[in-house]
Amino acid sequence: MAASSRSGVTRKLWLLAVGVVLVIALYTAGWFYAASTLHERTLAQLGSHERDGISAQCGDADYRGYPFRIGLFCSKVAVDDRVNGISATFGALRSAAQVYDPGHIVWELDSPVEIRTGHGLTVSSAWENFQSSLITKLKGVERTSVVIENSKTSVASSATGETFDISADHTEIHLRQNGSDLDAAMVLEGTDMTMRDMPRLLPRLTANVDVTLAGRAGMIDGSDPNGLVLYGTRGEMRSLSADLGEGRLITVSGPFSFDERGYLSGKLKLRIEQIDAWRNSLGEAFPDIAPMLETVAQMLSALGGGSNASIDLTINRGKVLAGGFIPIGEIPPI
């Protein structure tokens with residue numbers, strides 16, 4: 001009886017062991033099958049827009065993370081939009097998703113990054129750390145967030161011959177599909193802005209952007225037929241602000257649009273707080289125009305009735321007019 005009992009226990013243990021091995025084998029086979037399928041689909045997806053004049057490359061594409069994760073790894077990433085004249089190159093890409101939660105993906109991207117447009121705009125950027133997460137849905141990406149530490153970006157325009165350098169200690173970017181629209185928010189902390197071969201334009205500041213792009217929800221996951229191009233896009237700037245501290249705050253809001261050639265138009269409200277403090281800050285950076293700044297500050301104070309002022313800005317294909325008729329500058333096409 002005892003021998004029979006021991007034999008029964010032994011058989012159960014062997015069956016259990018075989019079952020565990022079988023489950024592991026099936027899981028392993030399933031994981032590698034899924035990785036192989038995703039690899040093929042990734043390459044197919046990257047080449048699916050060739051007929052639209054858009055090509056993308058994921059160098060040395062590979063899926064890793066067994067057993068509990070699965071993620072795409074690329075040694076470099078490149079995108080070329082021949083129709084709109086935009087090209088971009090990026091460093092290595094690393095991504096991962098838990099097997100039990102494949103819709104939540106985290107990823108990292110290495111610098112440097114360089115973006116060029118057919119209008120002569122070049123953007124190059126580098127950073128110490130870039131981390132992002134995204135939440136997917138059945139037909140694409142629902143929302144995504146990006147955190148960048150210690151970034152340095154250079155923006156050069158061959159149209160104007162000017163180069164701006166922007167550095168930030170901390171950057172956050174949040175994108176969300178809102179029906180057919182795209183909601184975007186950005187925060188730049190510890191930001192310095194300089195023009196090449198000139199003194200620093202402004203003291204270190206914090207910048208915030210809160211904007212909606214109408215009908216461009218597909219930009220977040222690449223399903224938008226226009227890709228990342230803003231030509232022909234309209235939107236609402238809920239808030240664009242620059243805060244120098246000590247009450248020195250500039251805020252811009254209002255509707256805007258880009259035409260098919262990349263020129264900006266819009267009707268915006270500009271609000272300036274602590275006008276005298278702004279005058280002093282700009283006067284220190286540009287002493288040659290200090291008398292003109294004094295005149296402008298007095299005019300703004302008269303318009304606002306004190307240390308704060310609100311001005312209506314009209315932008316017509318890049319030409320900026322204060323109050324609808326006073327020209328104050330020009331914005332080159334994107």
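**Salt bridges, looked up one by one**

I began with Arg 116, which counts as partly exposed at 41% relative accessibility; the scale runs buried under 20% relative accessible area, exposed over 50%, partly exposed in between (1.4 Å probe, protein chains only).

Ground rules: this is a predicted model, where local features need pLDDT of at least 70, side-chain atom pairs count only at pLDDT 80 or more, and totals for chains, interfaces and linings use all residues. Residues are numbered from 1 along each chain as its sequence is written, and side-chain values use heavy atoms, with hydrogens and water left out.

Next I asked what Arg 116 forms a salt bridge with. The partner is Glu 114, with the closest N and O atoms 3.0 Å apart; a salt bridge here is a side-chain nitrogen of Lys or Arg within 4 Å of a carboxyl oxygen of Asp or Glu. Glu 114 is partly exposed too, at 32%.

Then I looked up Arg 143, which has a salt bridge to Glu 142 at 3.9 Å between the closest N and O atoms. Arg 143 is partly exposed at 41%, and Glu 142 is partly exposed at 32%.

I also checked Arg 204, whose side chain meets that of Asp 169 in a salt bridge, 2.9 Å from N to O. This pair links distant parts of the chain, 35 residues apart: Arg 204 sits in the loop between β13 (181-195) and β14 (205-213), Asp 169 in strand β12 (residues 162-178). Strands are DSSP runs (E, at least two residues), numbered from the N terminus.

Last, I noted a salt-bridge network linking Arg 176, Asp 183, Asp 210 and Arg 238. My search of the whole structure gave 13 salt bridges.

Technical notes
Helix = DSSP H or I, 4+ residues; strand = E, 2+ residues; numbered from the N terminus.
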